Amino acid sequence: MSDQPPRAVVTGASSGIGAATVRRLRAEGWGVVAVARRGDRLQELAEETGAEAWPTDLRVDADVAALADHVAATGGLTSLVNNAGGALGMDRVEDADVDGWRSMYETNVLGTLRVTKALLP
């Protein structure tokens with residue numbers, strides 16, 4: 001058995017459920033790599049909780065690869081909490097903003113795929 005506490009990567013950690021998840025895991029003794037695009041909010045959360053802030057845009061392959069390399073080089077992980085997402089493109093279809101839908105799909109679906117695939121090994 002390892003002497004290291006369990007460690008999680010939490011995406012979407014800069015607000016809402018993601019930030020609450022980081023707080024809860026840290027309170028239970030987990031090591032946490034808090035991941036989100038908004039580095040300033042991540043830094044505030046890291047200062048509050050002791051989590052590690054790792055600004056990442058899950059829509060960018062190079063960002064996700066850097067996250068995976070960092071996690072592997074610093075002890076791996078026990079768990080991944082895929083929480084990143086947004087609710088863009090909520091207009092009626094006839095009024096829909098295609099770019100908003102595209103951004104939401106890139107983050108909510110492809111971002112989840114990218115980070116899960118990168119961290120599975």
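A residue counts as buried under 20% relative accessible area, as exposed over 50%, and as partly exposed in between (1.4 Å probe, protein chains only). By that cut-off serine 14 is buried, because its relative accessibility is 12%. One caveat before going on: this is a predicted model, so local features need pLDDT of at least 70 and side-chain atom pairs count only at pLDDT 80 or more, while totals for chains, interfaces and linings use all residues. Residues are numbered from 1 along each chain as its sequence is written, and side-chain values use heavy atoms, with hydrogens and water left out.

So where does serine 14 sit? Look in the loop between β1 and α1; helices (H or I, at least four residues) and strands (E, at least two) are DSSP runs, numbered from the N terminus. Its side chain makes a polar contact with the side chain of arginine 38, at 3.1 Å. Here a polar contact is a pair of N or O atoms within 3.5 Å; within protein, one must be able to donate a hydrogen and the other to accept it, and residues adjacent in sequence count only if both atoms are side-chain atoms. Setting aside neighbours within four places in sequence, serine 14 is in contact (heavy atoms within 4.5 Å) with Ala19, Ala36, Arg38, Arg41 and Leu42.

Ala36 takes us to strand β2, residues 31-36. Six of its six residues are buried, so β2 is largely enclosed by the rest of the structure. In a regular strand the side chains alternate between the two faces of the sheet. In β2 both faces are covered: Gly31, Val33 and Val35 are buried on one side, and Val32, Ala34 and Ala36 on the other.

What does β2 pair with? Strands pair if DSSP finds at least two bridges between them. Strand β1 (residues 7-11) runs parallel to β2, joined to it by five bridges, and threonine 11 stands opposite valine 35. The chain gets from β1 to β2 through helix α1 (residues 16-27), in a right-handed β-α-β crossover; right-handed means that, with the strands pointing away from the viewer, the path from the first strand over the helix to the second runs clockwise. β2 also pairs with β3 (residues 52-55), again in the parallel sense, over four bridges, with alanine 36 opposite proline 55. Helix α2 (residues 39-49) carries the chain from β2 to β3, and this crossover is right-handed too.

Zooming out, the elements run β-α-β-α-β-α-β-α from the N terminus on.
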